[in-house]
Amino acid sequence: MHPERDFVLDGPLPAGAEATFRDLELRTLVAAMAAGDGFVAEVARRALLDPLKDPAAIEHRQAVLRDGLANPEVVRALYDLAGATIERPKRSSWGSLRDNPGYGVRHSREVLRIFVEAFRELRRLAEREAERFESAGFNTFFDLVQRELTDAYLAEIEAHLHELAFRDGVVVSARLGPGNKAIDRVLRAPRARAGSAWTRLGRRLQQRFARVDAELTFELPPREEKLARALADERDRGLERVAAVLAGAIEHILAFFQALRAETAFYLGCLHLAGRLDALGAPRCMPEPRPSHEGLRAGAGLYDPCLALNAGRPAVGNDLAADDVALVIITGANQGGKTTFVRSVGLAQLLLQAGLFVAARSYRASVAPTIFTHFRREEDATMRRGKLDEELARMRAIVAHLRPGSLLLLNESFAATNEREGSEIARQIVRALTEVGVRVFFVTHLDDFARSHYQSSGDQGSGDGVRFLRAQRERDGTRTFELIEAPPERTSHGEDLYRAIFAADAAAPEA
Amino acid sequence: MPDHTGPPRTAPSPLAPPSPPSPPATPAPPEPAAGPSVLYPEPPPVADRGSASAPACFGDLNLDQVITAITAGRDAYGLRPFFHAPLTDVDAVAFRHEVFLDLEDEPLRTALEAFARTLRHMREHLEQAGTLRDVHQQRRLHLDAAHGYCAGVTRLAAALRANAPRSRGLRLIARYLAALVASSAFDALQAEAARLVRELDDLSYLMTFTADRVSVALVEDQADQDAAVARTFARFGPPPREQRAKRPVSLAMDRIEAAILARVTLLYPELFAALEAFRERYAEFLDPTVAAFDREAQFYLAYREYMQGFERAGLGFCYPTVSATDKTLEVVGAFDPALARSLLVDDARPVCNDVALRGEERIFVVTGANQGGKTTFARLFGQLHFLAALGCPVPARTATLFLTDQVLTHFEQEEDARALRGKLQDELLRVRALLERASGRSVVIMNEAFSSTTTDDALLLSRKVLERLLALGVLGVWVTFIDELAAQGDAIVSLVALVDPDDPTRRTFELARRPADGRAHAVAIARAHQLTYEELRRVLGA
């Protein structure tokens with residue numbers, strides 16, 4: 001997932017991730033990637049919401065993904081192996097590992113046997129399949145497996161596991177600490193190291209002598225349960241360190257398999273999504289990530305993959321040419337595809353920065369340091385007076401995370417007040433943001449705002465890095481969902497409505 | 001229950017009924033020792049060394065809080081009696097000042113603190129020895145206690161020699177310790193303890209556990225299997241950090257541990273025989289003068305630590321100039337430590353007061369705003385005198401104080417259900433008792449006396465008592481609502497609690513020398529409600 005580090009499954013998501021998830025309807029996308037696997041869903045969610053910032057890192061993932069798309073069965077096998085290895089020991093209770101060293105050692109031996117088995121299988125798979133892979137990601141992994149998990153090494157582990165069965169008893173050395181209580185216990189090999197033949201013989205004699213030296217031996221009297229427990233406890237205290245070492249090793253190895261599972265889960269999710277889109281005949285392409293400072297964002301046939309997945313057929317695509325464009329203002333008829341369009345832009349950016357293919361025929365964009373959505377919240381109607389408050393507070397929270405090159409998608413923002421005020425707020429915010437280099441897509445009905453931008457941006461509406469797109473409706477009312485480059489239209493429905501309703505009422509106050 | 005393998009005759013069976021516990025080796029009680037004291041130039045009669053019960057003024061002056069804070073965490077030393085016994089002799093005060101001054105010297109203070117820690121560990125060891133059944137354990141704890149004690153005494157003696165204290169108190173102790181350390185008895189104790197500790201620390205043994213037995217042997221060169229396993233698995237990542245050797249809560253051993261230990265003693269018979277002999281021979285190793293010094297030094301260390309809490313916040317203590325004859329009072333930047341401590345918790349600072357009584361001036365009469373710091377001032381006055389009489393630095397920037405024989409207080413008592421006449425009568429009885437105890441060297445604090453009766457009555461009674469106090473020549477503070485009391489002659493100094501002129505709702509907690517003037521207070525309250533003439537003119541439209 002990363003050229004340099006492990007993919008992290010826990011830890012906080014970037015600010016605004018929850019809102020982005022909701023606003024862009026990522027649930028649909030994640031469900032398509034998961035194909036019913038909850039773990040894949042979680043990994044996919046996280047990968048999408050925690051975008052990469054470095055084009056090189058994105059290309060690294062894209063390369064691995066290409067390998068994965070070419071060898072889907074190997075991705076699946078790795079994912080299954082990692083999952084099965086993690087799940088198997090779970091039947092025992094992990095919790096008591098640390099509490100009782102004697103139990104801990106026994107349990108750890110079982111778990112480590114499972115791991116050694118899994119290591120063997122992993123290495124066989126690596127030996128068999130490595131040649132078919134080209135990406136640095138897969139090659140590094142297969143190399144590591146073949147280099148580190150040799151037969152000799154696995155045999156060394158097994159030898160330890162064998163000795164830790166303590167068939168000759170547990171041998172522990174100790175010293176006397178405060179109050180003459182034993183300290184510094186060290187688990188020892190049961191027999192002294194082999195020296196010369198003479199010393200071996202001498203030791204054997206000594207040992208035999210010591211065995212009969214009854215004075216130095218304490219034997220449990222029969223039926224002394226409590227004493228037997230105390231004896232076991234004292235023996236186990238000598239196992240504390242080795243138990244901790246084994247538990248630590250298990251933690252490391254488990255982390256390895258968990259990382260393997262998480263990483264393969266991501267690529268497995270990509271395979272699922274590719275399969276779904278391909279089945280619909282919806283196009284996908286590997287996008288070209290560009291450095292943030294270049295300010296590029298352009299593509300052809302850009303569509304909302306969630307819409308396509310939900311509808312079960314390819315969605316209408318739009319072309320986007322927003323290189324060096326600081327602000328895209330999208331106006332026009334309701335239900336004419338404005339929100340869908342701005343979603344497709346956001347999703348393309350997230351997919352690109354997750355290292356995935358993009359729902360478009362072609363796409364190329366600068367990476368954004370941060371990506372935020374600020375959509376109008378329909379469900380916040382409970383407290384009318386607090387709604388603008390809520391919007392502005394949300395905006396304020398977002399602003400703290402915006403950087404030059406960040407992508408901000410505004411959908412009907414600041415409409416919770418009257419148009420003039422909303423426009424003024426919007427003008428001030430958008431102006432400030434675009435001046436520092438934030439890229440803004442703004443779906444809006446704020447005529448005053450949109451038109452004032454149009455008037456100040458020259459006749460073609462293309463000066464000052466501002467673009468105007470408009471959703472349209474055919475004369476007969478049918479929607480095309482295609483956006484055209486066009487100035488904002490003055491809509492006077494509201495005024496009409498006002499007149500219509502208040503015409504009879506001479507005393508009607510001006511709104 | 002029988003031990004099947006039959007332990008040898010030389011070692012007591014760990015499974016036999018426990019031998020009667022050896023007499024608990026507790027530290028010598030801190031009785032006055034024959035040797036020198038670091039608290040007194042001349043050993044005073046035992047009666048004057050302070051009792052466990054606090055002087056009557058403690059509650060009124062919040063000195064109980066102060067002493068509780070000072071002695072916190074040092075209950076084992078029983079320091080309170082020291083703080084209940086003011087000194088009556090200027091030289092005794094100087095004696096303590098000298099020690100405090102010495103302790104401003106970092107190496108000396110560090111040495112004393114280290115010594116205190118050492119003896120604390122020693123006591124812990126001896127206490128533990130008293131709670132354990134196993135004789136090998138008892139002997140080892142006794143040995144460790146003696147070993148730590150010797151090291152502590154030797155180090156302290158060396159530190160005192162190296163840092164040449166100037167105080168009489170520490171010089172006497174230094175001389176005493178030098179002689180003690182040089183004595184052959186101490187030398188023998190120290191050498192034998194060190195040898196035994198070293199040998200015990202160095203020994204090791206091997207335990208072999210099978211299902212129903214454990215046997216003990218000397219270690220040969222059996223390979224470290226912990227390390228071998230750790231090496232093998234190091235490939236996957238660093239081994240878990242060694243859990244910080246969980247210090248056993250108790251040193252008590254179960255029967256298996258005791259059985260093993262008994263067999264370990266068989267592996268090293270001479271060493272454990274020597275350990276037993278040590279226990280017999282040096283049963284009482286603690287020198288009583290050393291024990292007494294350990295306790296007495298805590299008086300200084302505790303007070304110093306208390307002062308440091310304030311000094312970190314920029315509130316300084318000073319060595320007062322103390323006289324038993326001259327009643328001149330000159331204090332600059334004084335604060336009430338009990339109040340300051342609670343303020344510092346909230347990062348607030350107390351207001352510091354300057355106080356002076358010159359010539360014939362004897363008693364402050366304090367009037368003015370409620371909650372304006374009147375009672376605080378009264379307490380502060382008493383605290384300064386009491387702490388000075390303990391021979392301690394006082395909470396002020398500079399201070400010249402009279403060495404009082406006692407601080408007597410008369411504070412309004414908690415409301416109770418008694419009838420007014422009963423209450424007044426009760427109050428007069430208390431005042432009479434106070435006057436009977438007071439001498440010309442006493443400090444008297446009267447706070448809102450006779451508030452339960454009419455103003456005329458209160459004025460009359462107050463005047464009478466005040467005259468008596470003036471006749472005695474006591475130093476004192478009289479907090480009252482009766483302005484007239486403030487004009488009672490040259491010995492009286494009138495102080496008025498002020499409010500902030502810009503914000504009358506805020507008290508300044510400052511007291512100013514000025515004639516009592518009830519109206520100043522009333523005007524302030526009026527302004528707070530915007531009812532002054534100017535305010536009303538403006539509100540009504542000029």
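Me: Contact means heavy atoms within 4.5 Å of each other. How many residues does the contact take from chain A, and how many from chain B?
Reply: This is a predicted model, in which local features need pLDDT of at least 70 and side-chain atom pairs count only at pLDDT 80 or more, while totals for chains, interfaces and linings use all residues; side-chain values use heavy atoms, without hydrogens and water. Residues are numbered from 1 along each chain as its sequence is written, and chains are lettered from A and ligands numbered from 1 in the order in which they are written. Both chains contribute residues to the contact: from chain A 62, and from chain B 66.

Me: What area is buried between chain A and chain B?
Reply: Buried area is the accessible area (1.4 Å probe) that two parts lose on being put together, summed over both. Carbon and sulfur atoms give 59% of it here, and the total between chain A and chain B is about 6,000 Å².

Me: How many salt bridges does the rule find across the interface of chain A and chain B?
Reply: The rule asks for a side-chain nitrogen of Lys or Arg within 4 Å of a carboxyl oxygen of Asp or Glu. Arg235(B) and Glu148(A) form one, with their closest N and O atoms 3.4 Å apart. Across the interface of chain A and chain B, the number found is seven.

Me: Which helix of chain A gives the most to the side of chain A that touches chain B?
Reply: Helices (H or I, at least four residues) and strands (E, at least two) are DSSP runs numbered from the N terminus. Elements that each supply at least two residues to this side include helix 6 (101–129), helix 9 (197–212) and helix 11 (240–280) of chain A. With nine residues, the one that gives the most is helix 11.

Me: Which residue of chain B stands opposite Ala174(A)?
Reply: Two strands pair if DSSP finds at least two bridges between them. Strand 1 of chain A and strand 1 (residues 204–210) of chain B pair in the antiparallel sense over six bridges. In strand 1 of chain B, the residue opposite Ala174(A) is Tyr205(B).

Me: Why is one side of strand 4 and of strand 6 of chain A left without a neighbour in the sheet?
Reply: The sheet of chain A is open, with four strands in the order 4-8-5-6 and mixed pairing. Strand 4 (288–290) and strand 6 (318–321) stand at the edges, so one side of each is left without a neighbour, as each has a single partner strand.

Me: Which helix of chain A packs on the sheet?
Reply: Within the sheet, strand 5 (residues 297–302) and strand 8 (residues 362–366) of chain A pair in the antiparallel sense over four bridges, and Ala300(A) stands opposite Ser362(A). The helix touches strand 4, strand 5, strand 6 and strand 8 of chain A, and its direction makes about 75° with that of strand 8 (axes are lines fitted to C-alpha atoms, for helices over the stretch in contact, and angles run from 0 to 180 degrees between N-to-C directions). The helix, residues 338–353, is helix 13.
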